[in-house]
Amino acid sequence: MIATEAWGDWIAADARLSAAIDSLRDAWILSRKRVLVVDDDPDCATDMCQALRPIPTRRAGTADQAAEELRRYVPHVLVTDLQFHNGEDGRDLARRAISMPSPPIVVLVSGIDRDLLDHLGRSLGAIAWFQKPFDPDRLRAAVERALLGR
């Protein structure tokens with residue numbers, strides 16, 4: 001008969017092993033997913049890409065570049081700004097993305113008013129939206145949840 005203390009140690013070790021396996025499985029899944037980051041501000045785009053490491057990420061600085069990347073790269077998640085300096089509109093990009101045969105999950109990051117961002121996030125079917133400046137950990141967590149189906 002196994003002593004109660006030894007049994008408890010075995011259960012704790014099993015829980016740690018299960019957590020490690022889950023973490024490795026998640027890392028493997030994330031390494032095979034693709035994210036497209038769209039922002040005309042290079043510093044902000046870089047910050048978003050860095051927050052999402054090591055998930056494979058591409059970036060685009062205009063809606064036209066993003067449309068091409070959506071077609072070629074076929075991302076699982078689209079992280080996009082809503083307003084571009086050249087007058088392009090991220091809302092049109094998000095609508096185009098969600099109408100694709102295999103649409104990406106949409107996450108919005110924008111400097112617009114919070115109430116308007118809430119409204120647009122809901123109307124565009126985004127799973128999350130963040131005001132700039134954004135919290136990198138919250139952005140990464142939202143994208144990971146989306147990619148892992150949680």
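**Exercise 1. Find what covers the buried residues of α2.**

Solution. Begin with the ground rules: this is a predicted model, in which local features need pLDDT of at least 70 and side-chain atom pairs count only at pLDDT 80 or more, while totals for chains, interfaces and linings use all residues. Residues are numbered from 1 along each chain as its sequence is written, and side-chain values use heavy atoms, with hydrogens and water left out.

Next, locate the elements, which are DSSP runs numbered from the N terminus, a helix being H or I of at least four residues and a strand E of at least two. Helix α2 spans 42–51, and its buried residues (under 20% relative accessible area, with a 1.4 Å probe and protein chains only) are Cys44, Ala45, Met48, Cys49 and Ala51. Because they cover an arc of only 160° around the axis, they lie on the same side of α2; the arc is that of the directions from the helix axis to the C-beta atoms.

Finally, look for contacts, meaning heavy atoms within 4.5 Å: the cover includes β1, β2 (57–60), β3, β4 and α6.

**Exercise 2. Describe the surroundings of Asp39.**

Solution. Start with its position, in the loop between β1 (35–38) and α2. Asp39 counts as buried because its relative accessibility is 2%. Leaving aside neighbours within four places in sequence, its contacts are Cys44, Ala45, Met48, Ala60, Gly61, Asp81, Phe84 and Lys132.

Then examine the side chain, which makes a polar contact of 2.7 Å with the side chain of Lys132. Such a contact is a pair of N or O atoms within 3.5 Å; within protein, one must be able to donate a hydrogen and the other to accept it, and residues adjacent in sequence count only if both atoms are side-chain atoms.

**Exercise 3. Identify which members of the largest nonpolar core touch the most other members.**

Solution. A nonpolar core is a set of buried Ala, Val, Leu, Ile, Met, Phe, Trp, Tyr and Cys residues joined through side-chain atoms within 4.5 Å. Among the 22 residues of the largest one, those touching the most other members are Val35, Val79, Leu139 and Val143. Two or more residues come from each of β1, α2, β3 (77–80), β4 (105–110), β5 (128–131) and α6 (136–148), and α6 gives the most, with six.

How values were computed: Buried < 20%, exposed > 50% of the residue type's maximum accessible area, 1.4 Å probe, protein only.
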